[in-house]
Amino acid sequence: MTVTIIVGGFFGDEGKGKIISYLAQKDMPSIIARAGVGPNAGHTVYKDGKKYGLRMIPCGFVNESSKLFIGAGVLIDIERFLYEVELTETEGRIFLDKRCGVIEQRHKDLDAGDSFLKKTVGTTGSGCGPANAERASRKLKLAKDFPELKKFIIDVPLELNSAIEKKQEILVEASQGFGLSLFYGSYPFVTSKDTTASMAITDLGIGPTRVTEVNVVYKAYLTRVGEGEMVGRITEDNVAKYDYWNDLLKKADEKGIQGSANEKIAFYLGEKGTVTGRPRRVGNFDFSLAKYSSMLNGATQLSITCMDRLFPECYKITEKKKLSERAKRYIEKIETELKTKVTLISTGPESQDTIDLRK
Ligand code: GTP
Ligand code: IMP
Ligand code: MG
């Protein structure tokens, strides 16, 4: 029985939602617990062929027998939370901690329009930054102060630690990604909290000695939404150097997509923000950032997603030996550089499109 943390190694949108939905169905966790900042996250998951864009409810909801928890470190947008409870039909098995901070309209207003956060940092506008600032100034209202949340409230650390004692399987969903960490990311173009595995267990009230696996998720290439530096960005000058980027550019041209090389590829791949709809920038797998983020997360294993987008011949493949030679070499290079095994390879958006190399 394990306590496994799923955490993002780049700038968010690594496809954690997809990896979590696979593990939720394969490993049948008793509890799936959401950590991370709050409704600034946008995870995409499929259940019975239907697509869900989730900002509050754990992606693991796809397993109907799992209990779903939201930790005290996660900010709640009550309207969005209630909407998603209805959408996912999870009332009765979704619970949140009494100490979750609550986002109100004034926090969203401070995160919008011409504000420094929206304009300069390029935030998601979900009110998370202003709410966390208010929490630090000890003025924020918590979940226990809102009667409409009463039926969802539990003591998350108590329930989680008692399940760990009973040797039940626990899956922890972090959100955002390493490069957006308030402490370790590209400040000031970051979110309002740390985003490593250590923060995820703090969000939930689990001690570090209880964690068995940390699976750091990387997309096969880099994407970033919002402002801030991005090493290895694809440009008109370097795109021809990489066969896979060149192929994608040609396909975008055939479809008549307009813009810079970067914009064409991003549009062709459908790379736009789940929360904001803003276009994402695309770039090469950043080995330096990946090594650093796997180190700070204490990675015990890695996941690589969207292999089929970079290497279309890999679409929906479920056995490693059937991957193309160039795709196998790509995975091997990541394992060598990061000195950690890639245990999950994602070859399509649906949970079954996964190569599982765990023992
Ligand atoms: P954040 O909390 O924002 O980090 O979300 P996330 O990591 O869950 O990723 P998000 O859902 O924002 O974006 C990933 C997109 O890629 C979604 O549209 C997924 O359906 C899709 N996706 C994930 N894995 C794969 C894959 O292996 N192949 C393909 N083609 N699409 C994938
Ligand atoms: P905030 O978290 O809304 O304050 O936004 C701060 C920065 O983090 C911005 O660059 C956002 O685009 C980015 N960000 C926050 N959450 C996510 C996410 O889930 N995926 C990708 N980017 C995110
Ligand atoms: Mg996302």
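This text goes through the surroundings of two ligands in a predicted model.

Ligand 1 is surrounded by 23 residues. The closest of these are Asp13, Lys16, Thr44, Asp308 and Ser346. By class, the shell around ligand 1 holds twelve polar, seven charged and four nonpolar residues. Several contacts to ligand 1 go through the protein backbone. A polar backbone atom of Asp13 lies 2.4 Å from an oxygen atom of the ligand, a polar backbone atom of Gly42 lies 2.8 Å from an oxygen atom of the ligand, and for a polar backbone atom of Gly348 the distance to a ligand oxygen is 3.3 Å. On its own, ligand 1 would expose 650 Å², and the protein buries 93% of that area.

Ligand 2 has 16 residues around it, of which Asn40, Thr124, Gln176, Thr191 and Arg278 come nearest. Here the contacts described involve side chains. An N or O atom in the side chain of Thr124 is 2.6 Å from an oxygen atom of ligand 2, and an N or O atom in the side chain of Thr191 is likewise 2.6 Å from an oxygen atom of this ligand. Gln176 faces a nitrogen atom of ligand 2 instead, with a polar side-chain atom 3.2 Å away. Taken alone, ligand 2 exposes 470 Å², of which the protein buries 97%. The shell around ligand 2 divides into eight polar, six nonpolar and two charged residues.

How values were computed. Residues numbered from 1 in each chain as written. Chains lettered and ligands numbered in written order. Predicted model: local features only at pLDDT ≥ 70, side-chain atom pairs only at ≥ 80, totals over all residues. Heavy atoms only, no water. Near = heavy atom within 4 Å. Polar contact = N/O pair within 3.5 Å; in protein donor to acceptor, adjacent residues only side chain to side chain. Areas by Shrake-Rupley, 256 points an atom, 1.4 Å probe, with all protein chains shown as cover. Nonpolar A, V, L, I, M, F, W, Y, C, P; charged D, E, K, R; others polar.
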